[in-house]
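Okay, thanks everyone for coming.

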Amino acid sequence: MTSYFIAGVAKLRNSGLDWALSDILRNYVAYDNVRKIALGDTHSPLGGALVRYGFLFPPLALASLAMELGAPLALFSRRVAVVFCAAAWLFHLGVLLTMAILFPYPLLGIAFAGFFELEKMRDLRRPRRARPA
């Protein structure tokens, strides 16, 4: 929670609302992929292709900022927690697809396990038996 919130605050402190309204995210994706290509590292062909479409990035940047700044709200509501977990998972999937940066714990769901009652999943596997009359 805290790391997402701090990341959102850092974006606002460094860029203000320009983070969500300009080409900053697009430039990060482009720079990251060009640098990786120059260094012979794994890069994202999808990210390189998407930077041609500048209109895609401000909504993505706004969504990431809203997810990060809203992260602490997940501690107060189960519904908000589920939305936050889905948004954070999609965020990390987007980072993987556009920048080839893998965050395994969030993508595998481990980072969000504390929000769910995993011990009840065992009950979902058992077929319910009818009670004898």
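**Starting from a serine in a loop**

Let's begin at Ser44, which sits in the loop between α3 and α4, the latter being residues 45-50. Before anything else: this is a predicted model, so everything I say is about the prediction.

So, is Ser44 buried or exposed? Its relative accessibility is 4%, and the cut-off for buried is under 20%, so Ser44 counts as buried. What does its side chain reach? That would be the backbone oxygen of Leu97, at 2.4 Å. If you skip residues up to four places away in sequence, Ser44 touches Asn33, Leu97, Thr98, Met99 and Ala100.

Now compare another residue of helix α3, Val34. Val34 has a relative accessible area of 55%, and over 50% is called exposed, so Val34 is exposed. Its C-alpha atom is separated by 12 Å from that of Leu46, which is 12 residues away along the chain.

Next, how does α3 meet helix α5, residues 57-70? Their axes come within 8 Å and cross at roughly 100°, which makes α3 roughly perpendicular to α5. On the α3 side the contact is made by Leu25, Arg26 and Val29, and on the α5 side by Phe57, Leu60 and Ala61. By class, that's five nonpolar residues, one charged and no polar.

In soluble globular proteins, nonpolar side chains tend to be buried together. The largest core here has 10 residues: Tyr4, Met67, Ala71, Ala74, Ala81, Phe84, Cys85, Ala88, Phe112 and Phe115. Helix α6, residues 78-99, gives the largest share of this core, with four residues. Apart from it lies another core, of nine residues, and Ala20, Val51, Ala61 and Met99 are among them.

Leaving aside neighbours within four places in sequence, Phe112 is in contact with Tyr4, Phe84, Cys85, Ala88, Trp89 and Pro106.

That's my tour, over to you.

Terms used
Residues numbered from 1 in each chain as written. Predicted model: local features only at pLDDT ≥ 70, side-chain atom pairs only at ≥ 80, totals over all residues. Heavy atoms only, no water. Axes fitted to C-alpha atoms, helices over the stretch in contact; angles between N-to-C directions. Helix = DSSP H or I, 4+ residues; strand = E, 2+ residues; numbered from the N terminus. Parallel < 35°, antiparallel > 145°, perpendicular 65-115°, else oblique. Contact = heavy atoms within 4.5 Å. Nonpolar A, V, L, I, M, F, W, Y, C, P; charged D, E, K, R; others polar. Core = buried A, V, L, I, M, F, W, Y, C linked by side-chain atoms within 4.5 Å. Buried < 20%, exposed > 50% of the residue type's maximum accessible area, 1.4 Å probe, protein only. Polar contact = N/O pair within 3.5 Å; in protein donor to acceptor, adjacent residues only side chain to side chain.
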